[in-house]
Amino acid sequence: MVNLGNSWDALLADQFRQDYYLNLREFLKTEYRTRRIYPPMGDIFNALRETPYEKVKAVILGQDPYHQPGQAHGMCFSVKKGVEPPPSLKNIFKELENELGITPPDHGELTKWAREGVLLLNTVLTVRESAPASHRGQGWELLTDRVIQLLNERPEPVVFLLWGSHARAKKALITEKRHLILESAHPSPLSAYNGFFGCGHFIKTNEFLKEPIDWDLKE
């Protein structure tokens, strides 16, 4: 079974025993055996591994992983060092520079954000190569909805950054008024100029939190 090595293990133990997850697991065994699936199996839960429940300050919600070779490694929008940052991530860096004057790093790996308390959660955690949304409806959404609900129940305030219609659809799961919900267009080149650029979300996040996030990814 899944072993995340932190507080998520106990919080999600009931989910990992449910039929939907057991069925998802069998589906994934077949998919990884017969097709090219991303991210690598050992990276699927990296977002939860890197950001324990009690450490979460903010949540950025993605859809499903990057679906080209070498990109996905278990955290939304992030690619490993040495991989060219995709266009949406470049736009995130552009907005960050406009807001806070932080020059873009020479890589696209967001692990430092995860360790700062930013949960980089895709709502679907796996995908077939060159086939976006190919693992939707297989059960991942039930698990990631539960993650959002658990964070909603937390007494400490959390910032939820909902970029694009898919992420904004999860707003209904965030019912507690102590949290901050920030919504905008998706940072994709197709929509960034419709409200992502100029959203001010990085500034607003840090103004809301008692302990601001260091968004600078440079070492």
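Colleague: Which residues have the most contacts inside the largest nonpolar core?

Modeller: This is a predicted model, where local features need pLDDT of at least 70, side-chain atom pairs count only at pLDDT 80 or more, and totals for chains, interfaces and linings use all residues. Residues are numbered from 1 along each chain as its sequence is written, and side-chain values use heavy atoms, with hydrogens and water left out. A nonpolar core is a set of buried (under 20% relative accessible area, 1.4 Å probe, protein chains only) Ala, Val, Leu, Ile, Met, Phe, Trp, Tyr and Cys residues joined through side-chain atoms within 4.5 Å. The largest has 70 residues, and those with the most contacts inside it are W8, F45, W113, L119 and W140.

Colleague: Is S188 buried or exposed?

Modeller: S188 sits in the loop between β6 (180-184) and α8 (201-208); helices (H or I, at least four residues) and strands (E, at least two) are DSSP runs, numbered from the N terminus. Its relative accessible area is 15%, so S188 is buried.

Colleague: Which residues is S188 in contact with, leaving aside neighbours within four places in sequence?

Modeller: Contact means heavy atoms within 4.5 Å. With those neighbours within four places left aside, the partners of S188 are S88 and N91.

Colleague: How are α4 and α8 oriented to each other?

Modeller: Helix α4 (residues 87-100) packs on α8 at about 60°, axes 8 Å apart. Axes are lines fitted to C-alpha atoms, for helices over the stretch in contact, and angles run from 0 to 180 degrees between N-to-C directions. Under 35 degrees is roughly parallel, over 145 roughly antiparallel, 65 to 115 roughly perpendicular, the rest oblique. The pair is therefore oblique.

Terms used
Buried < 20%, exposed > 50% of the residue type's maximum accessible area, 1.4 Å probe, protein only.
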